[in-house]
Amino acid sequence: MRRFLLMVFLTFVIAACQTTTPSAVEASRDLLPRRVSVNSGDGTPLNAYLYRSELMQPGPAVIMMHGCSGLLTKRGTLKTRETSWRDILLAEGYSVLLLDSFNPRGYRSICRIKTRPILPERERPHDAYGALQWLQSQPFIDPRRIALMGWSNGAMAMLWTIRNNARQRPKYLQNDFAIAVGFYPGCIKIGRTDFTAKVPTLLQVGLDDNWTWPKPCITLVKASNHRGGTAMEIDAYEGAVHAFDNSKSKRRTITTRNSVYRSGEKSVTVGYHREAHQKAIMRVKSYLQAMLGP
């Protein structure tokens, strides 16, 4: 009996360890001068990290929304992909606001949580609009030239934010996002709605992505354009998988959990694809330049 109880206890401990989620982390000392406080539209106080362009102000800006793995590393520094895109955008003359939806809510990452406490269709559009209104109040920003840019879970949040009938959109918003850009979002759930884009939108996906499949996004773009939504565009790259624009991510298989999966978890391939990354950089730079200036 004692042996049986011990086995039950060990099974429980192992299961608990498999579903343990990384707890929130504090931003590193180097990030603190960049940190600003932003109130989400649902009232949650959030952190964001601001990098101002050195070009003549007021100017355009980009709000960046991270994926399910979060914005910060275990050491509290910005992750590689976010750092890389921040530098690309700054070099193009855009101020950048990196929004943290997770750590202020007690999570560093939610990729391995089956029942996710923060959803791209629920909390995160509130976060995006809270960040937009904060940025529009800054004297060095042109409130009419702000883009929303997201990756994976953050790109899903971007789509829910810019849909025409988004319930999180503030009622008296004077200027909405000018454009939106999303990397490899999951489009299945939002594709089951009558989605149309409210602002010009560009999607970047990998044709070999088996985490967030590209076909539903291709279908979503066609359907939105057919319904009369503001023009959407999509580029799908041969051989590219999830996180193809993260130069520090080696191609590998990982396990992710989510209650929307039939089994609750699945194995997926992630990793860098140099050619797709370079093409995506040029495409995004061209798209932002055509739509925002600077």
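Start with helix 6. Its buried residues are covered by, among others, helix 4 (153–162), helix 5 (188–191), strand 7 (201–206) and strand 8 (232–237). Helices (H or I, at least four residues) and strands (E, at least two) are DSSP runs, numbered from the N terminus. Buried means under 20% relative accessible area, exposed over 50%, partly exposed in between, with a 1.4 Å probe and protein chains only.

A word on the source. This is a predicted model: local features need pLDDT of at least 70, side-chain atom pairs count only at pLDDT 80 or more, and totals for chains, interfaces and linings use all residues. Residues are numbered from 1 along each chain as its sequence is written, and side-chain values use heavy atoms, leaving out hydrogens and water.

Which residues of helix 6 are buried? Pro-214, Cys-217, Leu-220, Val-221 and Ser-224. Seen down the helix axis, they fall within an arc of 115 degrees, so they line one face of helix 6. That arc is taken from the directions from the helix axis to the C-beta atoms. On the other side, Lys-215, Lys-222 and His-226 are exposed. Just after helix 6 comes Gly-228, with a positive phi of about 95 degrees.

Now zoom out. The protein chain has seven helices and ten strands. Of its 294 residues, 55% are buried. Its C-alpha atoms fill a box of roughly 75 × 45 × 40 Å, along the principal axes.

That's the tour.

Conventions:
Contact means heavy atoms within 4.5 Å.
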